[in-house]
Amino acid sequence: MNGSVFSARSLTKTYVSGETEVRALRGVDLEIAAGEVVVLLGPSGSGKSTLLNIMGGLDQATSGQLFFGDQELTSLDDKELTAYRRQHVGFVFQFYNLMPSLTAYENVLLVTEISDDPMHPDEALALVGLEERMHHFPAQLSGGEQQRVAIARAIAKRPDVLLCDEPTGALDSKTGIRVIEALLSINARFGTTTLIITHNASIQNVADRVLFFTDGQISNVRKNQARRAAAELNW
Ligand code: ADP
């Protein structure tokens, strides 16, 4: 790796449906360093999810380049992108997408059974503070607990990067904070590079950087030196 986990150059994405074209990304340049916690902020429709999906190998860019370390993601075909996703990326979405007929433990087990070097589901669930509740079904857990199961599932395969799209969007602010704490403690423990789309102000304050999006471009960047310094003191 060249020091950056991700580097993007002039990345664009245009969606075409019939006669209409939507220019979702209009030339994004960025570098994300290993271990960073980065928040993506901006109005609805400004391209945040599109960028996250391309970084996660769920979608293909229209032009420009995106590297994961030395690997150029923008030159991979669908099969290679699937391998990249499976090896390197954990996703957390607004809605937890847990299997309702499986316990928390079994939901995590589904992923660890198909991973190369996974954690034990017990360990992943303990990391998000759910060791006591691992044999509960999703319907027996609060929204915040369900999201923490989803985080445990995402990190159990030890991904290099965790991509979170509105992870606290369906939660009240107090419950949301526990979810954020779970993400930060995983970042501190494993150095997992973490990108989070959120409107939640408390997450913005704990990120290393906030990238502001306007009309498919990064229009501003705010660095939070204090967060990294505080995190280092705790290590
Ligand atoms: P954000 O995450 O900032 O709300 P998105 O990346 O979801 O923004 O969307 C950026 C633009 O791309 C929007 O105008 C949206 O409607 C459009 N868009 C996103 N996904 C698709 C798609 N699959 N097909 C067509 N247009 C899309």
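**Hairpins, sheet, ligand and pockets**

Tutor: Start with the hairpin of E1 and E2: 2 residues lie between the strands, and Gly-18 takes a positive phi near 60 degrees. Keep in mind that this is a predicted model.

Student: How many bridges join E1 to E2?

Tutor: Strand E1 covers residues 4–17. E1 and E2 run antiparallel. The number of bridges that join E1 to E2 is 11.

Student: Which residue in E4 stands opposite Phe-6?

Tutor: E1 also pairs with E4, and the two run antiparallel. They are joined by 5 bridges. The residue opposite Phe-6 is Phe-68.

Student: Which strands are the edge strands of the open sheet?

Tutor: The open sheet has 4 strands, paired antiparallel. Their order is E2-E1-E4-E5. An edge strand pairs on one side only. The edge strands are E2 and E5.

Student: Which residue of E5 stands opposite Phe-67?

Tutor: E4 covers residues 63–68 and pairs with E5 in the antiparallel sense. That pairing has 2 bridges. E5 itself covers 71–72. Opposite Phe-67 stands Glu-72.

Student: Which residue takes a positive phi in the hairpin of E9 and E10?

Tutor: E9 (residues 209–214) and E10 (residues 217–223) pair in the antiparallel sense over 6 bridges. Leu-211 has Val-221 in E10 as its bridge partner. The hairpin has 2 residues between the strands. The residue with a positive phi, near 45 degrees, is Asp-215.

Student: Which element gives the largest share of the shell around the ligand?

Tutor: Two elements give two or more residues to the shell: strand E2 (20–33) and helix H1 (48–55). The residues around the ligand include Val-22 and Ala-24, as well as Lys-48, Ser-49 and Thr-50. The largest share is 3 residues, and it comes from H1.

Student: How many residues of that shell are charged?

Tutor: Sort the shell by class. There are 4 nonpolar residues and 6 polar ones. Lys-48 is among the residues around the ligand. The charged count is 1.

Student: On to pockets. How many residues line the largest pocket?

Tutor: The volume of the largest pocket is about 530 Å³. Among its lining residues, Arg-85, Arg-86, Val-89, Val-111 and Lys-157 lie nearest its centre. Helix H2 (78–88), strand E6 (89–92) and helix H5 (143–155) each supply at least two residues of the lining. The number of lining residues is 22.

Student: How many of those lining residues are nonpolar?

Tutor: Take the other classes before the answer. The lining of the largest pocket has 4 polar and 7 charged residues. Its nonpolar count is 11.

Student: Which element gives the most to the lining of the second largest pocket?

Tutor: About 150 Å³ of space lies in the second largest pocket. Its lining includes Lys-48, Ser-49 and Thr-50, along with Asp-165, Glu-166, Ile-197 and His-199. The top contribution is 3 residues, from H1.

Key
Residues are numbered from 1 along each chain as its sequence is written. This is a predicted model: local features need pLDDT of at least 70, side-chain atom pairs count only at pLDDT 80 or more; totals for chains, interfaces and linings use all residues. Side-chain values use heavy atoms; hydrogens and water are left out. A residue is near a molecule or strand if one of its heavy atoms lies within 4 Å of it. Ala, Val, Leu, Ile, Met, Phe, Trp, Tyr, Cys and Pro count as nonpolar, Asp, Glu, Lys and Arg as charged, and the others, Gly among them, as polar. On a 1 Å grid over the protein atoms alone, a cavity is a set of points where a 1.4 Å probe fits but cannot get out, and a pocket is an open set with protein on both sides within 12 Å along at least five of seven lines; lining residues have an atom within 4 Å of a point. Grid points are joined across faces, edges and corners, and a volume is the space filled by probe spheres set on the points. Two strands pair if DSSP finds at least two bridges between them.
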